[in-house]
Amino acid sequence: MGRRDRLISTSILRAIFRSTSPRNDERARPGLLARICAFFAFFSLGLARYRASLFKKLRNETWEIEEEEYTESFRSPSKSKRTDLVAIGDLGYSGSTFFTTPNSKYLIKSLPRHFEQTFFRDRLLDPYVEHMELNADSLLVRITDLLYCPTATLGAALGAAPSHHIVMENILYGKSSCSKDQQKRWETFDLKPNDYFYPERDVAGGRLAPESVKERLIDEFKDKVRVTIDQKEELIAQLSQDSKILQANNAVDYSLFMVRYPADLNSADNDKVLTPPGRGSAWRTGVVSRDGKWVYRAIILDFFWAKDALQAQTLTGLVKLFNALKLGKDHGPMSITTTSDEYRQRFLGMVEDMVEVPDSAGRPSGELRSPAPMPADLV
Ligand SMILES: *[C@@H]1O[C@H](CO)[C@@H](O)[C@H](O)[C@H]1NC(C)=O
């Protein structure tokens with residue numbers, strides 16, 4: 001782990017452990033000298049928990065995550081070693097940083113861009129919390145903490161160190177306790193409707209795309225998820241409810257993060273595959289495919305892009321420019337320049353097509369119901 005990651009990791013851990021002490025007051029303002037020192041601390045930010053009691057209530061009452069176990073997740077298992085988060089990739093200087101807790105139960109991801117931070121913190125958070133309280137089985141990723149930087153810092157101002165981090169459940173939990181060979185048999189898919197125009201993929205070999213969209217490449221799932229009719233209907237109904245609040249708040253470009261591992265890992269001589277912490281739900285603990293081959297897990301990730309964000313507007317202009325210059329064929333909307341209700345339709349349509357159930361004659365069919373309507377392209 002490099003110096004930058006280590007300092008960011010230290011800031012995150014400090015925020016988690018500091019605020020577990022009773023003295024913590026989430027609204028307390030640090031003194032002037034502390035603020036000046038904090039400003040010049042380049043990578044190490046004075047992070048604090050944003051609305052700590054709100055997230056604590058979610059963890060405790062809605063998701064039934066034990067507080068002590070949660071805090072212990074951030075500690076190294078061996079007392080002799082200093083605690084560090086585990087860095088799992090850093091996408092460039094101003095890109096996202098990604099960590100897991102030492103026990104890999106939780107992921108910590110930075111929100112590097114200002115519009116993502118303000119969108120989640122000021123707009124989506126309240127509807128998100130309300131939705132989660134009413135839908136304990138929601139497939140929106142469980143965000144267990146939001147860490148932010150209450151004072152201005154030079155590092156954050158220059159974009160050197162991200163000022164917002166979300167802590168969330170890791171639905172890959174269980175993988176790291178499998179043997180090396182078994183770990184290779186786990187697969188992950190970050191899925192978005194792939195009929196959109198992705199300039200990072202579709203134009204000039206991606207050389208014209210802004211750096212900020214390059215990391216948003218999508219995966220393709222070439223197989224089908226084979227489950228029962230009831231399981232499929234429950235999944236679609238849940239995703240439909242979940243994406244409704246995203247649409248209502250104008251979010252686009254979120255993805256279905258799907259994990260699968262061979263079901264025989266559960267029947268192997270060793271222990272069963274561990275499941276993510278907290279109150280279980282079917283698609284978190286894992287749904288076994290009809291043929292008994294795979295265990296599937298799935299959640300909705302990355303819902304921090306608003307259609308009305310400045311960046312999305314700029315990119316809408318970019319798509320229009322591509323079309324005006326006739327760079328190749330006419331381009332449809334991008335996933336981040338489309339409208340939120342159209343994105344939702346395509347997102348649900350993607351899942352509908354991907355999940356296959358037996359038809360009444362016993363043959364598998366992916367299209368029991370008519371596929372979701374696809375409105376005409378809008379750009
Ligand atoms: C939630 O908090 C209450 C009160 O502190 C506690 O008794 C209960 O055990 C907590 N629930 C979980 C799942 O930790």
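Mentor: We begin with strand 12 and its partners, and then look at some other places in the chain.

This is a predicted model: local features need pLDDT of at least 70, side-chain atom pairs count only at pLDDT 80 or more, and totals for chains, interfaces and linings use all residues. Residues are numbered from 1 along each chain as its sequence is written, and side-chain values use heavy atoms, leaving out hydrogens and water.

Start with the whole chain. It has 14 helices and 15 strands. Both are DSSP runs numbered from the N terminus; a helix (H or I) needs at least four residues and a strand (E) at least two. Of the 379 residues in the chain, 51% are buried. Buried means under 20% relative accessible area; exposed means over 50%, and partly exposed lies in between (1.4 Å probe, protein chains only).

Now zoom in. Strand 12 spans residues 294-301, and eight of its eight residues are buried. Look at where the side chains go. Trp294, Tyr296, Ala298 and Ile300 point one way. Val295, Arg297, Ile299 and Leu301 point the other way. Why the two sets? In a regular strand the side chains alternate between the two faces of the sheet. In strand 12, the residues pointing either way are all buried.

Next, the neighbours. Strand 10 (residues 255-262) runs antiparallel to strand 12, and eight bridges join the two. Two strands count as paired if DSSP finds at least two bridges between them.

Val287 has Tyr296 as its bridge partner. Val288 has Val295. Strands 11 and 12 form a hairpin with five residues between the strands. There, Gly292 takes a positive phi near 70°.

Four of them form an open sheet in the order 7-10-12-11, with antiparallel pairing. Strand 7 (187-191) and strand 11 are the edge strands: each pairs on one side only. Helix 14 (residues 340-354) packs on this sheet and touches strand 7, strand 10 and strand 12. Touching, or contact, means heavy atoms within 4.5 Å. The direction of helix 14 makes about 20° with that of strand 10. Such axes are lines fitted to C-alpha atoms, for helices over the stretch in contact, and the angles run from 0 to 180 degrees between N-to-C directions.

His131 lies in helix 5 (residues 114-134). With a relative accessible area of 8%, His131 counts as buried. Its side chain makes a polar contact with the side chain of Asp242, at 2.7 Å. A polar contact is a pair of N or O atoms within 3.5 Å; within protein, one must be able to donate a hydrogen and the other to accept it, and residues adjacent in sequence count only if both atoms are side-chain atoms. Leaving aside residues up to four places away in sequence, His131 touches Ser138, Leu140, Gln241, Asp242 and Ile245.

Ser104 is buried, at 10% relative accessible area. The side chains of Ser104 and Ser176 make a polar contact (3.1 Å). Beyond four places in sequence, Ser104 touches Asn170, Tyr173 and Ser176. Ser104 and Leu172 are 68 residues apart along the chain, yet their C-alpha atoms are separated by 8.4 Å.

Arg51 also has a positive phi, near 45°, in a residue other than glycine. Arg51 lies in the loop between strand 1 (48-49) and helix 3. At 23% relative accessibility, Arg51 is partly exposed. Ala52 lies in helix 3 (residues 52-62), and is buried at 14%.

Last, the ligand. Asn60, Glu64 and Glu66 surround it, where near means a heavy atom within 4 Å. A polar side-chain atom of Asn60 lies 2.3 Å from a ligand oxygen atom. The protein covers 36% of the 360 Å² of accessible area that the ligand has on its own. Accessible areas come from the Shrake-Rupley method with a 1.4 Å probe; for residues, only the protein chains shown count as cover.
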